[in-house]
Amino acid sequence: MKHSTPQATRHVNRNEGLIFEKSSPGKAAWKLPPLDVPEVDTSRLLGASERKDLGGMPEVSEIEIIRHFTRLSTWNYAIDLGMYPLGSCTMKYNPRVNEAVARVEGIANGHPYQPEKISQGALRIIKLLSECLIEITGMDAITLQPAAGAHGEMTGLLMVRAYHESKGNARKKILIPDSAHGTNPATAAMVSYAVENLKSDSRGMVDIAALESQMTEDVAALMLTNPNTLGVFEQDIHKIADILHAKGGLLYMDGANMNALVGKVRPGDFGVDVMHLNLHKTFSTPHGGGGPGSGPVAIKKALEPFLPKPVVITHADGTLGFDYSRPHSVGRVRAFYGNFGMFVRALAYIQANGPDGLRQTTEDAVLNANYIRKGLEGTYDLPYDTPSMHEVVFSDKLQAKKGVRTMDIAKRLIDYGFHPYTTAFPLIVPGALMIEPTESESKEEMDLFVEAMKSIAAEVEEDPQTVLDAPHSTRVSRLDETLAARKPILRWKPA
Amino acid sequence: MLQAIGLPSVDDLFAPIPGEYRLNRDLNIPRQMAESEIVDFFHQRSRENGDGYTSFLGAGCYFHYRPVIIDSLISRGEFLTAYTPYQAEISQGTLQSIFEFQTMISELTGMEVANASMYDGSTAAAEAVMMAVRLTGRRKVVVARTLHPEYREVLATYATHQGMPLSVLGFSADGRTNLKELEGAITPETACVLVQSPNFFGTIEDVDALAEIAHKHGAMLVVSIAEAVSLGIVEPPRQADVIAMEAQSFGVPLGFGGPYCGVIATREKYVRQMPGRLVGQTVDKQGKRGFVLTLATREQHIRREKATSNICTNQALVALMVNIFMTVYGKVGLKELAKQNLAKTAYAAAQFAKHGKVLFNDAPRFNEFVVQTSEDPYAINGRLLGHKLVGGLALKKFYPELGNAALWCCTELTPRSAIDTAVGFVAESERSVRSAKEEIEEVTR
């Protein structure tokens with residue numbers, strides 16, 4: 001017997017309810033030790049501030065909790081299950097040694113305010129990671145305080161602003177290419193800069209003539225992703241930097257795509273003044289379903305006075321400590337020192353690779369993207385034939401003729417056992433399919449991916465409805481997002 | 001693979017990068033290490049990092065017990081190595097758990113809706129204030145001095161370029177925000193009043209009174225909650241318009257300050273001005289219940305410079321820890337847990353009061369209190385450290401007006417013996433200061 005749907009991993013089909021629907025009075029998964037101090041009369045201590053009722057909080061047993069979350073987990077796709085080719089997200093393998101070392105007692109349980117004398121371990125981790133990232137980026141100094149990439153962007157732009165203010169003019173706007181991530185313009189707005197769009201040329205790169213005409217002394221910085229979101233290295237990068245610098249502007253680099261560069265080329269060497277990294281992309285810390293991230297910001301010397309405080313310093317006796325006396329600092333962007341647990345993981349990743357491993361990683365990431373590009377060229381439309389670095393962007397132009405769009409192809413890919421690529425981004429490519437395999441994928445896995453993509457292209461020709469109705473193999477079929485937005489149900493309520 | 005691509009060498013892949021910028025040397029970073037060496041390296045760092053000490057530090061980061069199933073469950077690759085749940089059909093695990101998280105945070109805070117998480121309590125507070133600014137169309141912000149000093153610093157950073165003038169509100173002798181001063185500080189341009197409860201001193205604010213004054217002037221009340229465990233026994237600030245919370249206490253390791261879990265909760269009518277991701281319930285084509293990220297038109301990937309915030313990546317896995325913790329303790333356990341914190345703290349405060357001066361006794365507190373000593377707390381803490389005890393946080397840096405004061409914290413994990421030892425050191429310090437004083441008096445007499 002022949003099946004029309006291809007083999008795909010089946011999700012557990014149990015209809016796991018909400019935890020609240022399993023709750024009943026008397027069930028418990030907790031136990032406290034006997035109190036070694038006298039009991040207290042809570043109403044006497046708290047008076048009107050005493051809480052009487054915890055509302056709809058659940059009461060369930062430990063096995064129920066384990067089963068609940070284990071079942072839920074089986075409804076997720078994950079890097080651990082297969083290729084996750086989300087362009088611009090760098091979904092690489094998350095090494096388990098990182099998780100192990102982050103849980104070592106003194107590292108997991110250090111209090112941020114414990115005396116410096118007993119914080120030397122954490123401070124050394126911060127210092128060593130900072131040094132590694134400075135060397136990798138070719139910059140002069142760094143802050144690890146920002147909690148994520150967008151937070152890093154904000155921190156970077158705050159420093160840009162402080163730098164210009166120190167020169168007597170904060171300037172008015174930030175230039176942002178039309179291929180940029182949405183966080184770039186949103187960040188510029190948070191730092192009170194106007195956003196001016198910069199168009200791309202026919203190669204998908206910054207249009208130098210446009211930049212020259214738009215670059216004035218009102219422009220504080222250009223926020224550039226390099227390689228850009230098409231996976232294309234901005235070949236005129238130094239010309240871009242020169243145009244900015246000639247008018248006193250700064251070059252900000254969004255380091256989202258740093259996985260294409262590590263060990264091969266350093267932003268600090270090609271004119272970048274300030275940039276952020278995403279430890280949860282390039283440096284293998286897990287995405288965890290949407291975070292935590294970490295967004296260190298590396299800068300050139302001229303911006304150093306403006307770093308967020310505190311800054312790690314070495315005392316005269318060789319011990320490490322925090323310096324809070326930074327009169328020109330932009331201030332704090334977060335309480336304490338940043339997502340320290342992510343620093344631990346990123347440092348472990350750097351140590352596991354070393355200089356040769358990091359270079360190899362970059363080479364493999366670029367090789368993999370080009371292998372996929374070659375495999376799918378002809379089957380899918382390649383809007384820009386400029387050489388690709390770590391990711392490649394196709395469009396759904398050929399499939400759109402049959403009424404099948406990038407999102408449909410993405411959903412069908414799920415039936416073949418893969419996570420979709422990034423859809424409909426960058427905005428300059430209508431119907432974009434943005435594919436980033438990372439270095440983690442083997443040739444075998446990529447061959448399967450290419451076959452799946454080709455098979456879907458064939459289905460589009462023969463039976464487009466199958467693709468339009470995809471996915472067919474998941475626990476839920478396509479969800480009604482319009483309904484969700486029109487009548488938001490954002491929490492469970494008892495019936 | 002190179003052959004398939006049609007290139008002779010890997011170097012050719014990097015041809016787009018102008019030759020003069022290519023790095024033709026090894027990065028100057030530590031050599032490649034074996035897994036055993038990496039593990040050893042971090043064990044060494046751990047030993048240099050307060051391993052084996054009993055600590056009385058709180059101040060926004062609390063040492064509570066973490067049930068082991070938290071790590072068992074979050075270590076499942078399907079949670080750990082998944083991306084943001086944009087592809088709903090294969091992200092129902094993450095989406096449903098966030099929906100449960102939003103529900104429990106709403107229940108605990110007494111609000112109608114909560115988001116999927118923010119970076120931490122400090123940035124959540126700053127974003128909550130910006131939300132109030134958008135909602136009221138006013139720009140001025142009144143901030144309590146009893147808000148965590150580092151949260152205040154973060155807010156100041158965020159506010160600088162948003163044209164949001166901040167004014168700081170002092171506290172009364174009971175450690176609570178000064179209501180009279182608030183009456184004077186609030187103007188028709190005030191967008192919101194931001195307070196923390198329990199506040200930085202552990203004192204529970206009179207939220208009803210604060211809300212009444214704020215609302216009377218058309219301003220919003222934003223309440224920051226830094227110690228989530230308090231919600232088990234302390235009435236939540238139901239009169240607040242926005243709550244910005246740090247949920248670290250719910251199963252998140254101290255981790256030298258992060259990653260933690262911020263979250264914003266508010267009323268339904270304000271949801272479209274709320275920053276951050278939101279999960280909503282919907283149905284699939286067959287009518288089956290499912291969950292999706294929703295109301296994305298507030299967010300940067302859709303609205304770009306007009307978004308409510310630039311936040312993208314949040315703290316999803318940490319929110320899952322929080323979620324599991326809340327599920328484990330649940331309706332009864334959270335209350336019992338909070339009661340133990342209250343009992344330990346009441347005991348410790350009473351013991352300290354016998355020898356030093358415990359401030360702010362006229363208002364209820366949760367699990368922190370301020371002890372004033374004759375001697376500089378740094379000196380006392382230095383001696384405690386020799387006994388593997390980390391004393392309370394010296395407050396001179398943040399509140400010089402309180403003199404030799406330190407902020408002490410007890411949780412369910414603070415053993416009575418450690419409290420007694422610490423109290424002993426404070427008693428000893430007071431005795432020696434007293435006898436030194438008496439000696440001087442005797443000499444001068």
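Of the 445 residues of chain B, 61% count as buried (20 or more other C-beta atoms within 10 Å of a residue's own, with C-beta atoms placed from the backbone; 12 or fewer is exposed, and in between is partly exposed). This is a predicted model, in which local features need pLDDT of at least 70, side-chain atom pairs count only at pLDDT 80 or more, and totals for chains, interfaces and linings use all residues. Residues are numbered from 1 along each chain as its sequence is written, and chains are lettered from A and ligands numbered from 1 in the order in which they are written.

**View 1. Chain B as a whole.** Chain B has 13 helices and 15 strands (DSSP runs numbered from the N terminus: H or I of at least four residues for helices, E of at least two for strands). Its C-alpha atoms fill a box of roughly 100 × 60 × 50 Å along the principal axes. Take the contacts in chain B between residues at least 6 apart in sequence: 72% join residues at least 24 apart. Two residues are in contact if their C-beta atoms, placed from the backbone, lie within 7 Å.

**View 2. The contact between the chains.** Chain B contributes 153 residues and chain A 162 residues. On the chain B side, helix 11 (residues 316-353) gives the most, with 24 residues. By class, that side has 75 nonpolar, 48 polar and 30 charged residues. Ala, Val, Leu, Ile, Met, Phe, Trp, Tyr, Cys and Pro count as nonpolar, Asp, Glu, Lys and Arg as charged, and the others, Gly among them, as polar.

**View 3. B:Leu27 against chain A.** B:Leu27 sits in the loop between helix 1 (2-5) and helix 2 (35-47) of chain B. B:Leu27 is buried, with 21 other C-beta atoms within 10 Å. Leaving aside neighbours within four places in sequence, B:Leu27 is in contact with A:Glu135, A:Ile136, A:Gly263, A:Pro355 and A:Leu358.

**View 4. Helix 5 on helix 11 in chain B.** The axes of helix 5 (residues 92-109) and helix 11 of chain B come within 9 Å and cross at roughly 60°. That makes helix 5 of chain B oblique to helix 11 of chain B. Angles under 35 degrees count as roughly parallel, over 145 as roughly antiparallel, 65 to 115 as roughly perpendicular and the rest as oblique. Axes are lines fitted to C-alpha atoms, for helices over the stretch in contact, and angles run from 0 to 180 degrees between N-to-C directions. Helix 5 of chain B contributes B:Thr94, B:Ser97, B:Ile98, B:Glu100, B:Phe101 and B:Met104, and helix 11 of chain B contributes B:Ala316, B:Ala319, B:Leu320, B:Val322, B:Asn323 and B:Met326. Eight of these residues are nonpolar, three polar and one charged.

**View 5. Helix 12 on helix 13 in chain B.** Helix 12 (residues 377-385) and helix 13 (residues 416-444) of chain B pack at about 135°, with axes 10 Å apart. The two helices are therefore oblique to each other. B:Ile380, B:Arg383 and B:Leu384 of helix 12 meet B:Ala422, B:Phe425, B:Val426 and B:Ser429 of helix 13. The contact residues divide into five nonpolar, one polar and one charged.

**View 6. A:Ile126 in chain A.** A:Ile126 lies in helix 5 (residues 120-137) of chain A. A:Ile126 is buried, with 23 other C-beta atoms within 10 Å. Leaving aside neighbours within four places in sequence, A:Ile126 is in contact with A:Leu144, A:Val312, A:Tyr337 and A:Phe343. A:Ile126 and A:Leu144 are 18 residues apart in sequence and 7.9 Å apart in space, C-alpha to C-alpha.
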